[in-house]
Amino acid sequence: MERIAKKGLILAACLVLGACWTSQKLLLDESRGQAVLRDGVYQSDGPDKTRVVSKGHGWYVISDGSETPDKAKEGSMPLFVARAPASAGPNAYLFAAGAHECLDDTKTCENWTYGLIAIDKGVIRVAFPDCAKTGDLARKWEATVKGSATSECVFTGADAVNGALAEYAHQPGAFEHTYKRQ
């Protein structure tokens, strides 16, 4: 987990701290996968860098930005990006994202983490809900909140996670991190 915390893009805080929106299996519709991110190294609004490599149809591998693509398997994670639900608004540049730490067979990965990616003029803004702050919203969409400090909001249905993400997209301050391709 520590090496993932250094990666920056999208998941560091959520995966390390565990206060995120999750599910046992990927709940995003794979037929809605979108190849929206360009391969390359992305610099965060801080010192972190992340390498993004497209695998097609909305699937990516993200890893530490210092690694070369052919050596990125260790410490990498799959990321799936799909068109955001229509209820998120008319923004053509808003996408739902699901990520996990296992890389070998994404069909059998468990404990997926969810968030949103907004792309505008080469700038990527990222929002991964913190369950401790959004537990009421997650419960509204039938998530089960686990942990004494609301450490994890667990979704079991695609409609629920998509509805919650769409509503979260309208929350002030939802998009906390910004990245630019180098």
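Guide: What follows covers some strands and helices of a predicted model.

Visitor: Start with β5. Is strand β5 largely enclosed or open?
Guide: Strand β5, residues 77-83, is largely enclosed by the rest of the structure, because six of its seven residues are buried.

Visitor: Which strands are joined to β5 by bridges?
Guide: Strand β4 (residues 59-64) is joined to β5 by four bridges, and the two run antiparallel. Five bridges join β5 to strand β6 (residues 94-99), also antiparallel.

Visitor: Switching to helices. How many residues of α4 are buried?
Guide: Eight of the eleven in α4 (residues 158-168), which makes the helix mostly covered. Among them are Asn-162, Leu-165 and Tyr-168.

Visitor: And what do the buried residues of α4 pack against?
Guide: They pack against strands β1, β6, β7 and β8, and against helix α3.

Visitor: Then α3. Which of its residues are buried?
Guide: Cys-131, Thr-134, Gly-135, Leu-137 and Ala-138. These buried residues of α3 pack against β1, β9, β10 and α4.

Visitor: Why would residues three or four places apart point the same way?
Guide: An α-helix has 3.6 residues a turn, so residues at that spacing point the same way.

Visitor: What happens at the start of α3?
Guide: A side-chain oxygen of Asp-130 comes within 2.9 Å of the backbone nitrogen of Ala-132.

Visitor: And which residue just after α3 has a positive phi?
Guide: Glu-142, with a phi of about 70°.

Key:
Residues are numbered from 1 along each chain as its sequence is written. This is a predicted model: local features need pLDDT of at least 70, side-chain atom pairs count only at pLDDT 80 or more; totals for chains, interfaces and linings use all residues. Side-chain values use heavy atoms; hydrogens and water are left out. Buried means under 20% relative accessible area, exposed over 50%, partly exposed in between (1.4 Å probe, protein chains only). Two strands pair if DSSP finds at least two bridges between them. Contact means heavy atoms within 4.5 Å. A polar contact is a pair of N or O atoms within 3.5 Å; within protein, one must be able to donate a hydrogen and the other to accept it, and residues adjacent in sequence count only if both atoms are side-chain atoms.
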